[in-house]
Amino acid sequence: MTVTAQAAVTADRESRLLASVPTGLLINGEWRDAASGKTFDVEDPATGKVLLSIADAGAEDGAAALDAAVAAQESWAKVPPRERGEILRRAFELVTERAEDFALLMTMEMGKPLAEARGEVTYGAEFLRWFSEEAVRAFGRYSVAPDGKSRLLVTKKPVGPCLLITPWNFPLAMATRKIAPAVAAGCTMVLKSANLTPLTSQLFAAVMQEAGLPAGVLNVIPTSTAGATTGPLIKDARLRKLSFTGSTEVGRRLLSDASETVLRTSMELGGNAPFVVFDDADLDAAVAGAMLAKLRNMGEACTAANRFIVHESVATEFAEKFAAKMKEMTTARGTEPESKVGPLIDAKSRDKVHELVSDAVASGAKAVLGGAPVDGPGYFYQPTILAGVTEGTRILSEEIFGPVAPIITFSSEDDAVRLANNTEYGLVAYVFTKDLNRGIRMGERLETGMLGLNAGVISNAAAPFGGVKQSGLGREGGLEGIEEYLYTQYIGIADPYAG
Ligand SMILES: NC(=O)c1ccc[n+]([C@@H]2O[C@H](COP(=O)([O-])OP(=O)(O)OC[C@H]3O[C@@H](n4cnc5c(N)ncnc54)[C@H](O)[C@@H]3O)[C@@H](O)[C@H]2O)c1
Ligand SMILES: O=CCCC(=O)O
C-alpha cells in the first residue's frame, strides 16, 4: 500500500471512531444537549485541528446531574455487591475488546504515542477488573466488647453521591481509577472530565451503559467552565464526596470550598519526583528506569521524574548514557509508527516547559541534549537533558510536565536525602542502588507516598497510589482504593444474655 493510501485508511478510521463518540452530556441514563445549547471544541495537540465539538455543561446541567445521582443512590446501594462486580467485569471485557478504539482516541485527543496509549488501556481496564473483585470484599466485623457485656457490629456503607474530577494526562486510567471503586462500593457519581481530553470519558461512559450500569449511577458533564459548573455541587449538602485528580493549586482551592460542608475528599495532586542514582547502581538499569520515569507520557505524568539526583562520581557517565538513549526518541504525531514522543498538550504547557529550561540554562545549566521546542505544527518539545543544574534553580521546584531531565549531583547519602526531600511535594521517588539495605533506608527516609526501588514505573491497579505533603490525601487502587468510597458504621448491641 502506498503512503498516501495508508494515510487515507488512517484518516477514515479516525473519522469513523470520532463518529462513534457520544457528544452530549450523560444525565440519568440519557445523552442530551447542554441546557444552554453550547458546545466546546476538542483539539488534536499534534496538529491543532478540531477533532469534535461536544456539549458544554453549565451550572444548570451540573444540578441536573447531581439530582440524578442523588435519586439513584438508594436503589444503587441495594444492588448486591456481586451484581455491581459483574457490571465492572463486563466493562473490563468491553474496554479490552475495544482496546484499539480507546488507544487511538487517547492518542488523538491527548497526543501520547499509540503504543503508550495501548499501555494505558491495559492499565485503565485493570482498575475495572481489580474492583470487580473487590466489590464483594467490603467486610465489616463483629466482636464481643472487652467487658463482655455488649456486642460491637462494624459495617461499611457507601458514602453516597460523589463528584469525580479528572485531569487530561491519562484520559482513561484517571477515570477508571475513580469510577471502578465507586461502582464497587455502591456510590452514584457525577464525572467532570478534563476539558482538554473529554472524548475518552464519553466513550467509556457509553461502555459502562452497555455493561449494564443503571441510569443515574454515572452522570457525565464535560464543560469548559469547570469552576462555575462544579462549584455549586461542592457546596450542595447532598454531595457526600469529592475525588479530585489534578494540580496542587486547584486541589487547594477545592479543599477550601469543600470545608463549607465538611465534604469528604480524596486529592491526587502534583508531584516533583526525585530520581536518585547511587554510585553502586547498575547504570544501564538506571538509564532504562530513567527513560521510563521521564519519557512515559512525554513527561506529562504526576509520577514523572522531575529531578535527577546523581552521585557526583557517576554523573557524567549517567548523563552520556541517558543522552544516547534519549537521542533515539523520535518526536511525531502519536499515530505515526516511528513516534516515541508525542506533542505536549497545548501551547501554554509547551511555553512553560521552555521557560523552565531557559531559566535553568541562564542559571548555569548546560543542555547536553535538546533544549528547545520543535518547529512546525503541534506542541512538540525536544527530549532534553540539562547537566550541572544547581540548588535553588526554578526547574527543581516546579513540575516540568515535559520531556526534560535536569541533573544535579550529590556526594553522600544524607545529601541525597536532603535534596530529595527539599520540596513541598511527596508523591513518588525513584532510587537506584544495588545495596538493598540502602534501598530500605531510603524508603524509610524519603517523604513520599510511593517509592520505585530500581524501577522507573510502579503504577499498578493492585497497589495504593497516592502522596503525602502537598501531593494529596487518600489512596487510589489496591485494597485501600475502595475505602475512599465507604464509611464505617458502628452498631452497639445490648448483651444478648442479659435479662
Ligand atoms: N496524583 C495523581 O494521581 C495525579 C494524576 C494525574 C495528574 N496529576 C496532576 O494533575 C496536573 C495536570 O493535570 P491538569 O492540568 O488537568 O490539572 P488541573 O488542576 O488544571 O485540572 C484538573 C481537573 O480539574 C478541573 N478544574 C480546574 N479548575 C477547576 C475548578 N476551579 N473547579 C473544579 N474543577 C477544576 C480541570 O478542568 C480538570 O478536569 C499535574 O499537576 C499532575 O501532577 C496528579
Ligand atoms: O499522572 C499521574 C498518574 C500516573 C499513573 O497513574 O501512573
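A salt bridge is a side-chain nitrogen of Lys or Arg within 4 Å of a carboxyl oxygen of Asp or Glu. In this predicted model, Arg98 and Asp101 form such a pair, with their closest N and O atoms 3.1 Å apart. Arg98 is partly exposed at 27% relative accessibility, and Asp101 is partly exposed at 22%.

**Salt bridges**

By this rule the model has 33 salt bridges. Four of them are listed here.

| Pair | Closest N and O atoms |
|---|---|
| Arg98 and Asp101 | 3.1 Å |
| Glu317 and Lys321 | 3.8 Å |
| Arg445 and Asp414 | 2.9 Å |
| Arg333 and Glu14 | 2.9 Å |

Glu317 and Lys321 sit in helix 11 (residues 315–327), 4 residues apart, which is about one turn of the helix. Relative accessibility is 39% for Glu317, which counts as partly exposed, and 28% for Lys321, also partly exposed.

The pair of Arg445 and Asp414 links two helices: Arg445 belongs to helix 14 and Asp414 to helix 13 (residues 413–421), so the bridge ties together parts 31 residues apart in sequence. Arg445 is partly exposed, at 34% relative accessibility. Through shared partners, salt bridges join Asp279, Asp280, Glu413, Asp414, Arg438, Arg441 and Arg445 into one network.

The protein is divided into domain 1 (11–269 + 472–488) and domain 2 (273–453). Their centres, taken over C-alpha atoms, are 31 Å apart. In contact across the interface are 27 residues of domain 1 and 27 residues of domain 2.

The size of an interface is often given as the accessible area lost when the parts come together. Here the area buried between the two domains is about 2000 Å², and carbon and sulfur atoms give 56% of this. On the side of domain 1, Pro45, Ala46 and Trp168 lose the most area to domain 2, together 24% of what that side buries.

Between the domains there are 3 salt bridges, and 8 residue pairs are in polar contact across the interface. Helix 4 (99–110), helix 5 (114–134) and helix 9 (248–258) are the elements that each give two or more residues to the side of domain 1 that touches domain 2. Helix 4 gives the most, with 5 residues. By class, this side of domain 1 has 12 nonpolar, 7 polar and 8 charged residues.

**Gly449**

Gly449 lies in the loop between helix 14 (436–445) and strand 19 (450–453). Its relative accessible area is 28%, so Gly449 is partly exposed. Leaving aside residues up to four places away in sequence, Gly449 touches Gly426, Leu427, Gly466, Gly467, Val468 and Arg475.

Note on methods. Residues are numbered from 1 along each chain as its sequence is written. Chains are lettered from A and ligands numbered from 1 in the order in which they are written. This is a predicted model: local features need pLDDT of at least 70, side-chain atom pairs count only at pLDDT 80 or more; totals for chains, interfaces and linings use all residues. Side-chain values use heavy atoms; hydrogens and water are left out. Domain bounds come from an automatic or database domain assignment. Contact means heavy atoms within 4.5 Å. Buried area is the accessible area (1.4 Å probe) that two parts lose on being put together, summed over both. A polar contact is a pair of N or O atoms within 3.5 Å; within protein, one must be able to donate a hydrogen and the other to accept it, and residues adjacent in sequence count only if both atoms are side-chain atoms. Ala, Val, Leu, Ile, Met, Phe, Trp, Tyr, Cys and Pro count as nonpolar, Asp, Glu, Lys and Arg as charged, and the others, Gly among them, as polar. Buried means under 20% relative accessible area, exposed over 50%, partly exposed in between (1.4 Å probe, protein chains only).
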